[in-house]
Amino acid sequence: MPLREALTMLGIQLFWALVMLLVSDLFWHRSMRVQSGYVMVMASKFKDYAKYPATIFNRVFRFIFTFIIPITFIAYYPSLVILRPDAVPLLSWLSPLIGCMFFYISYLVWMRGATRYNGTGS
């Protein structure tokens, strides 16, 4: 698989892992199920933040968007491999590993929430 397609797949994987993690929160907050649209709005906002380079954020937000909510790995770090092949930062090469780890964490949270699900009650 060429590098460009692999990086695109990585961004898609990370975005859907983020959406899955946000949506799985609704398993624990039953009163919010009616307002689940807000979760999708938040996911959309994260997608919007992923469009910007990480360098425009201050250090606190750069840390949050890199290591806590890894939206910089959706587009910024993978794009550096294509745009600056001679000066690729280490985090760009770690993107596949971080993407797989975040996807696995979101999968575990989803499965834990799914075991708590009781159904609609109807």
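Before you click on anything, a word on burial: buried means under 20% relative accessible area, exposed means over 50%, and partly exposed is in between (1.4 Å probe, protein chains only). You're looking at a predicted model, where local features need pLDDT of at least 70, side-chain atom pairs count only at pLDDT 80 or more, and totals for chains, interfaces and linings use all residues. Residues are numbered from 1 along each chain as its sequence is written, and side-chain values use heavy atoms, with hydrogens and water left out.

Start by selecting serine 24. It sits in helix 1 (residues 3-24); helices here are DSSP runs of H or I, at least four residues, numbered from the N terminus. Serine 24 is buried, at 0% relative accessibility. A polar atom of its side chain lies 2.8 Å from the backbone oxygen of leucine 21. Leaving aside neighbours within four places in sequence, serine 24 touches Val109 and Trp110 (contact means heavy atoms within 4.5 Å).

Now jump to serine 106, in helix 6 (residues 95-116). Serine 106 is buried too, with a relative accessible area of 0%. Beyond its neighbours within four places in sequence, serine 106 is in contact with Ala17, Met20 and Leu21.

Next, the rings. Rings of Phe, Tyr and Trp (its six-membered ring) pair if their centres lie within 6.5 Å; planes under 30 degrees apart are stacked, over 60 edge-to-face, and the rest tilted. The whole structure has 7 aromatic pairs. Select tyrosine 76 and tyrosine 77: they pair edge-to-face, 5.0 Å centre to centre with 65° between the planes. Both tyrosine 76 and tyrosine 77 are buried.

Last stop: select Tyr49, Phe57, Phe61 and Phe65, which ring pairs link into a cluster.

Definitions and conventions: Helices (H or I, at least four residues) and strands (E, at least two) are DSSP runs, numbered from the N terminus. A polar contact is a pair of N or O atoms within 3.5 Å; within protein, one must be able to donate a hydrogen and the other to accept it, and residues adjacent in sequence count only if both atoms are side-chain atoms.
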